[in-house]
Amino acid sequence: MKNYTYPLGEAYFLDQLFPDPKIADPNLNFKTTADVIRHYSLKSLSADGIEGIKDVKVDLAFGSYQVQIEGEFEWEKVDRFAKRHWQAFSHSYAQKAIRGRDLMKELGVWNPMEGYHVNLNPFDGTSKWTLLPPLGLNISGQKGLLLMHYPPWAVAQAGTFDNSMTMQRWIRLLEKSGIDPTQTNRYKTIIDVNPVAAPGSGESEYPNDYMPIMMASAFFDGPEERNYIKSMLELYLTPPDWPEENTNTLPLLICGSPLYDPQAPGWFRTAYTDILPQDDHGIPQVNVLQAGKFRVFPHSKRETPYLICNHMIAAGVTGRCTSDPSKMPDIRLYEAQDMVAATFLKLYSDEPNRDPKDVKAEACRKWFGNPEGAGAPNPPEKEDQLILCALAQMDLFFEHDPKPRPRYSYKEAYSRCQCNDPIGSPCEGGIKPPDRSV
């Protein structure tokens, strides 16, 4: 039995970066922060695909947390994980979120709706905020990165991102892009521009924008001592085993669009104005399916390929059948754009040094039938038409008791699409979805 022990960091800081054990579902049986750290460490080891782990122990000694990994594992993989795990929670990375939060408290802008309800979810209760960097996700084995707005409170309660509808839908998209189901964990790592867990759909939907673009720019970016977002991007975009000869980092999806949760692309626009294309009026653009490259810091060694995409749950919230599948919020357009995003990561995993505009063009030809992703989706392959249709059927029909979930499994939705007239259309033939315009 092998045993690898390493320091994770001072308790003073880690107690602020990991959720209070009292927040979690009682079934998780968290008593101390050490229990919380153990839980998320196990999940990250699993996400990185490190096999042979028998147990993880976390001890608090002399004001610091020590992590002990036991099992019949590959020493090199655990060594790589441990060094990056410590680094991620160090002074130069996740701890910068504490400085941003402290400044917010000093200025009196931390959780302005504290003690009041902000949505209709009885499980969220009243508004509460807690710092939540990427926990239980990849530490060293990621193959792509997602830039998003903020993590929902339910993640801190459940101790995982996997139970959220957003992540469940994203996994479906990854699998349909051709990524092996055993590898989808490698494409789920999230950096939030506001690393603050709060009630979902209660802090960002207009007019309840309590976590605006300005919050990310002012408190989690800016001066070196609190530039959390860029520091975390720089770290996570280049895994510890990234080949030296690679000219690119991992690809980055910047998730959010004008119809739903636009804050991550909005922050990106304010942070990287000079490298963005402009419209005829000189306005920097962050449009869905816009692709390009940037350097996280001016001195960054490698360029990062990026693609602007929808929030992963937007199709299920605002998508519907309309008379024009070339314009939002038509569900067919949503599904094709989202599959382009998943395919963008898939193609980069095969060839990491490609130009992002070429990768986007290949993905768009698959799901739109043209290299720009313009007009109504028209996949050349019948199977891809059925994939878009089945995904749309799942996003159009929901059950709400005991919790929101798709009414149909993928297999059931696919079968419905085969029976529709014309075949592969989610909005014609069979049982039509409800009209979401009213």
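User: Which residue forms a salt bridge with Asp221?

Analyst: Let's start with the idea: side chains of opposite charge can pair when their charged atoms come close. A salt bridge is a side-chain nitrogen of Lys or Arg within 4 Å of a carboxyl oxygen of Asp or Glu. Here Asp221 pairs with Lys230, and their closest N and O atoms are 3.9 Å apart. This is a predicted model, where local features need pLDDT of at least 70, side-chain atom pairs count only at pLDDT 80 or more, and totals for chains, interfaces and linings use all residues. Residues are numbered from 1 along each chain as its sequence is written, and side-chain values use heavy atoms, leaving out hydrogens and water.

User: Is Asp221 buried or exposed?

Analyst: Buried means under 20% relative accessible area, exposed over 50%, and partly exposed in between (1.4 Å probe, protein chains only). Asp221 is buried at 8%, and Lys230 is buried too, at 16%.

User: How many salt bridges are there by this rule?

Analyst: The count comes to 24. One of them joins Arg354 and Glu362, with the closest N and O atoms 2.9 Å apart. Arg354 is buried at 18% relative accessibility, whereas Glu362 is partly exposed at 33%.

User: Which residues are linked in a network of salt bridges?

Analyst: Such a network links Arg169, Arg172, Glu335, Asp338 and Asp395.

User: And what share of the residues in the protein chain is buried?

Analyst: Of the 438 residues, 55% are buried.
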